[in-house]
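Please look over the model shown below before reading on. The points that follow are meant to be checked against it one at a time.

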Amino acid sequence: MHENIRKSDKEVYDILLKEEKRKEDTLEMIPSENHTSPAVLEALSSVFNDKYAEGYPKKRYYGGNEHIDEVEILCQERAKKIFAVPFANVQPYSGSPANQAVYFATLNPGEKVLGMHLSAGGHLTHGWKVNFSGKYYDSVFYGVNERTSRIDYEEVGKIAKKERPKLIFAGTTSYPRFLDFKKFREIADSVGAYLCTDVSHISGLIVSGTHPSPAEHAHIITTTTHKTLRGPRGALIMTTRAGIEKDEDLPEKIDKAVFPGLQGGPHEHQIAAIAICLKEAMSPVFKKYGEQIVENSKALAEGLRERGFSLISGGTDNHLLVVDMRSKDISGKETQELLESAGIVVNKNAIPFDPEPPFNPSGIRLGTPAVTTRGMREREMKEIAEMIAEVVEKKDEKTAVEVGEKVKKLCHKFPLRK
Ligand SMILES: *Cc1c(COP(=O)(O)O)cnc(C)c1O
C-alpha cells in the first residue's frame, strides 16, 4: 500500500501508517465521521485532481474539459435521482461553503436568518455570531424545549412571526430526534421565508429511508457528503420543485453564488468521488446499512440507559445520542479524554441549557455510522455501552487502558481493511 508515497516521502508515509493503525485499532464514535470505501479514496487520488474547470459543464473557462463535464454531469444526475429533486450543484468544497452559497443566493448582507442555536444542536453556519453567518447577516435563533429537549414547533412559529426572517435553516449536528420538515415549511410559508434544510448529518439516513425526506417540503437542501452518506469530504446544494415554484431563478442564483460568487476551480476529483458514493448509496446494501445505523444507535442508547446514563430527550431516532455526563458526575471533556485512552473516540458536546461553558460542556455526543460500517451490530453496541460505563464509573487511567485492550480485540474482529 502507498508504495509511491513511501518512495517519495518517508515522513508523510510514516505518519499515514500511524493514522491507518489508529483508525484500525479504535472505535470511531464521532457521529459526523465515517470510513469511506476504497473506490471513493481511489477517486480522490485520481487525475481528476489535476484539471481546472471553472464554470459548469459545457460552460467552462478552460479547454480540455470534455471528460470532466461527463463526470460532473453524472454526479449531478445521481444527486437529483437519489434525493428526488430537479436541480443539484455538486461543486461546494464542503458543508460550510455550501451554506455560505445559500446565503449569497437568497439574502443581501444584513438581512435576517433564523437558525437553530448552536447549544441546542445547530451548526455554526446557521447564524452563530463568530461565523460569517452571524457577522454579515442578522441572525436570530430557536432552540429546544427545556423539559423535552425537543424542538417546539409552535415556539419556532412564534419566533418566525415576530422576527420575520427571509431564510430559515432546519438542520442539526447534535439533535437525536427526527426533524419535522413539513412543520418547518408551514412556518417558512407563514412569513414568506425560504426554507433550507441542511441534512448534512442525516443524508445517509434519508437516502436509505430511515429518516423522512425533506424533498417535498424544503425549498433548498444542503448536505455534506462525508458523514452518514459515507463519501469524500464535499457537499451538495439542491433545490426542490417547491423551491423553483417559489423562485424560478433559484437554481441559477445558487450556481452563481458558488461560482463565481464564492469559489474558483471546482475539485473534480472530489466530484468524481461524490458520484461514486452516490452510486454506492443507491444500492440495497446501503439501505441495510442505514437501517443498521439506527438499530445500533437505539441498542447503544438502551445499553447506556441500563447503566444509569441520562440521555438528552430520552433516546434517539437517528444515528446519534447526546449523553448528559452529570448523570455520572464527570465532565464532557474528562469523559472524552478517558474514553480516548480506552480507544473509544467521541467528542465533548454542550447539552441544551448547559450551565457549563462550550469548552468544558456537560455532555458527549456518540454516533454509530462508523462502527456500523465496520460491520458491528446490536450485540457489539451493548458491549460498547458496558465498556463506556466501566471507564467513566472508575474514572482512572488504569481502567481506561485495561478497557482499551478489549476495545482493540473488538476492533480486530471487525477489520477495516478486509
Ligand atoms: C458538518 C456540518 C456542516 C459543515 O460541514 P463542513 O464540511 O465541516 O464545513 C454544516 N451543517 C451541518 C448541519 C453539519 O452537520
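**Notes on the predicted model**

1. Valine 322 stands opposite arginine 365 in β15. Strand β12 (residues 320-324) pairs with β15 (residues 363-367) in the antiparallel sense, over five bridges; two strands pair if DSSP finds at least two bridges between them, and strands (E, at least two residues) and helices (H or I, at least four) are DSSP runs numbered from the N terminus.

2. The model is predicted, so that local features need pLDDT of at least 70 and side-chain atom pairs count only at pLDDT 80 or more, whereas totals for chains, interfaces and linings use all residues. Residues are numbered from 1 along each chain as its sequence is written, and side-chain values use heavy atoms, with hydrogens and water left out.

3. The open sheet has four strands in the order β11-β12-β15-β14, with antiparallel pairing. At its edges are β11 (310-311) and β14 (347-349), each of which pairs on one side only.

4. Glycine 171 lies in the loop between β7 (167-170) and α8 (181-191), and it counts as buried because its relative accessibility is 1% (buried means under 20% relative accessible area, exposed over 50%, partly exposed in between, with a 1.4 Å probe and protein chains only). Leaving aside neighbours within four places in sequence, the contacts of glycine 171 (heavy atoms within 4.5 Å) include Met116, His126, Tyr142 and Asp198.

5. Tyrosine 52, by contrast, is found in the loop between α3 (38-44) and β2 (55-56), and at 45% relative accessibility tyrosine 52 counts as partly exposed.
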